[in-house]
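Subject: Structure handover

Hello,

Here is the structure I promised you. Please open it beside this email and follow along. My notes come below.

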Amino acid sequence: MAVAFDEMNGPGGELRPAYQELSRWLKETPPDALEYRRQEAELLFRRIGITFAVYGDAEAQERLIPFDVIPRIMSAKEWTILEKGLKQRVRALNMFLRDIYHNRDVLRANIIPDDLIFQNPVFRPEMNGQDVPHDVYVHIAGIDIVRVDPEKFYVLEDNARTPSGVSYMLENREIMMRLFPDLFARHRVAPVEKYPDELLSALRSVAPLSASAEPTVALMTPGVYNSAYYEHSFLADKLGIELVEGRDLIVKNDEVFMRTTEGLKRVDVIYRRVDDDFLDPLTFRPDSALGVPGLMSAYAAGNITLANAVGTGIADDKAIYSYMPEIVKFYLGEEPILKNVPTWRCREPKDLAYVLDNLGELVVKEVHGSGGYGMLIGPAATKATIEAFRDKLKREPEGFIAQPTLALSTCPTCTEAGLAPRHVDLRPFVLTGSNHVTIVPGGLTRVALKEGSLVVNSSQGGGTKDTWILDE
């Protein structure tokens, strides 16, 4: 595997400009002072109670996501490229979703094979021909970005359903400002704290036409047992909106109301953190106790906006991902600013043959997988694991894609042995309202804490960092 690009020390070991102040500060700060503040940060996180539940892990039902106190820093110039590319990509995703559920021009033009849409378990035939307010399907997108050199950013995946992690972006910043005011004073860091206001304004802007002048927004959660419940309550609090569960909502005459102490109150926009399957037992899974009976008929009548829209899962499918460069060109007539990672589609015999021959060097992912589960990292896997995966691939090749093992860039990170490079990715959060797309500068940097590890997912033991975009 290629040598990873060090974001602080550059390819030739020369300190990169964005990190100059940090490097100076690190030289002046005694290691024990840094360690003391690292422990203080951990204490603050415990006190605030930021936890993340890990499914299927009996010992760590509620785990603290480790936070690394060394910020990841990017110049305004780097951010400008990223921001342009992210806006372009999310515009294309929204146009693609509208098309898939309406005219299907992209299928008629043979850009994507039909069966990839119609036989896809996350395609929602219920959405066929249904208009959504302002044609916005993905109001909140989390686009995972990696880089391999000073110039190139790649999109690793598009999260278009219910991307999580933004509460960590906001809390990381708050804790850094509290613990490292001296380091902040030396930099002009673009603020992220406008995110809740930006989100609320985007959500209000897409309210149905029948809504009042001050649309009512609520955040719908599956409840306290969900792994991201902390984030749901945190965001509802920051936005100043009600946190509701399915049982708090009722549908009457195709309008949605929430039960309040003063009686029923109409809801116009639901920021839902509940998967499609569980939203409405009359349309989707009849055994769902998390949903609201009749919600989909209120949706079809145009009386409620759901953010994100129903059926967006088709846009974060990893097989569809492999067509994103063509999708961007098809809808926007532009070359993609952000590159895709080269991807082999195991459903295609030629690609499958290549992948089976090179399993030891590739990363293989389930097309519907998320959270770092169900994937194979060839170079880090045992022979037995590779052989087991080979059988899986032969059994259902259409369930997988493969990619080269990228040398993800690294950032300096606190380890027990002192500062050391660790691999990172970045999840910026892209907000789309009725007539504007906004991105707060930065996003959530995730870091693989194990030496040599490329897996940054918190469910797999990854941590997070504050991301500083320098205001120049």
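**A loop residue to start with**

Val224 counts as partly exposed, because its relative accessibility is 47%. The cut-offs are these: buried means under 20% relative accessible area, exposed means over 50%, and partly exposed lies in between (1.4 Å probe, protein chains only). Val224 sits in the loop between β6 (217–220) and α9 (229–239). Helices (H or I, at least four residues) and strands (E, at least two) are DSSP runs, numbered from the N terminus. Val224 and Glu245 are 21 residues apart in sequence, and their C-alpha atoms are 9.7 Å apart in space.

Two notes on the source. The model is predicted: local features need pLDDT of at least 70, side-chain atom pairs count only at pLDDT 80 or more, and totals for chains, interfaces and linings use all residues. Residues are numbered from 1 along each chain as its sequence is written, and side-chain values use heavy atoms, with hydrogens and water left out.

**Two domains**

The protein chain is divided into domain 1 (17–208 + 304–336 + 407–469) and domain 2 (342–404). These bounds come from an automatic or database domain assignment. The domain centres, taken over C-alpha atoms, are 25 Å apart. At the interface, 20 residues of domain 1 are in contact with 16 residues of domain 2. Contact means heavy atoms within 4.5 Å.

The two domains bury about 1,500 Å² between them, and 50% of that is on carbon and sulfur atoms. Buried area is the accessible area (1.4 Å probe) that two parts lose on being put together, summed over both. The rule finds one salt bridge across this interface. A salt bridge is a side-chain nitrogen of Lys or Arg within 4 Å of a carboxyl oxygen of Asp or Glu.

**Helix α2**

Now look at α2, residues 31–48. This helix has 18 residues. From first C-alpha to last, α2 reaches 26 Å, close to the expected 26 Å at 1.5 Å a residue. The expected span is 1.5 Å times one less than the number of residues.

Which residues of α2 are buried? They are Leu34, Ala41, Leu44 and Phe45. Seen down the axis, the buried residues of α2 fall within an arc of 95 degrees, so they line one face of the helix. The arc is that of the directions from the helix axis to the C-beta atoms. On the other side of α2, Asp32, Tyr36, Leu43, Arg46 and Arg47 are exposed. The cover over the buried residues includes α1 (20–28), β3 (67–74), α6 (166–179) and β18 (410–415).

Strand β18 holds Thr415. Thr415 is partly exposed, with a relative accessible area of 23%. Leaving aside neighbours within four places in sequence, Thr415 is in contact with Ala420 and Arg422. Thr415 and Phe45 are 370 residues apart in sequence and 18 Å apart in space, C-alpha to C-alpha.

**Salt bridges**

Side chains of opposite charge can pair when their charged atoms come close. How many salt bridges does a search of the whole structure find? It finds 36.

- Glu21 and Arg186 meet through their side chains at 3.3 Å, N to O. The pair links distant parts of the chain: Glu21 is in helix α1, and Arg186 is in the loop between α7 (181–185) and α8 (195–205), 165 residues apart. Glu21, Arg24, Glu28 and Arg186 are linked in a network of salt bridges.
- Arg147 and Glu78 form a salt bridge at 2.8 Å, N to O. Arg147 lies in strand β4 and Glu78 in helix α3 (residues 76–100), so the pair ties together parts that are 69 residues apart in sequence. Arg147 is buried, at 1% relative accessible area. Glu78 is buried too, at 9%.
- Arg347 and Asp115 pair through their side chains at 3.0 Å, N to O.

**Backbone details**

The peptide bond from Ala307 to Asn308 is cis, with omega near -5 degrees. Asn308 is in the loop between β12 (305–307) and α11 (318–321). Asn110 is not a glycine, yet its phi is positive, about 55 degrees. Asn110 lies in the loop between α4 (105–108) and α5 (114–118). Asn110 is exposed, with a relative accessible area of 67%.

Best wishes
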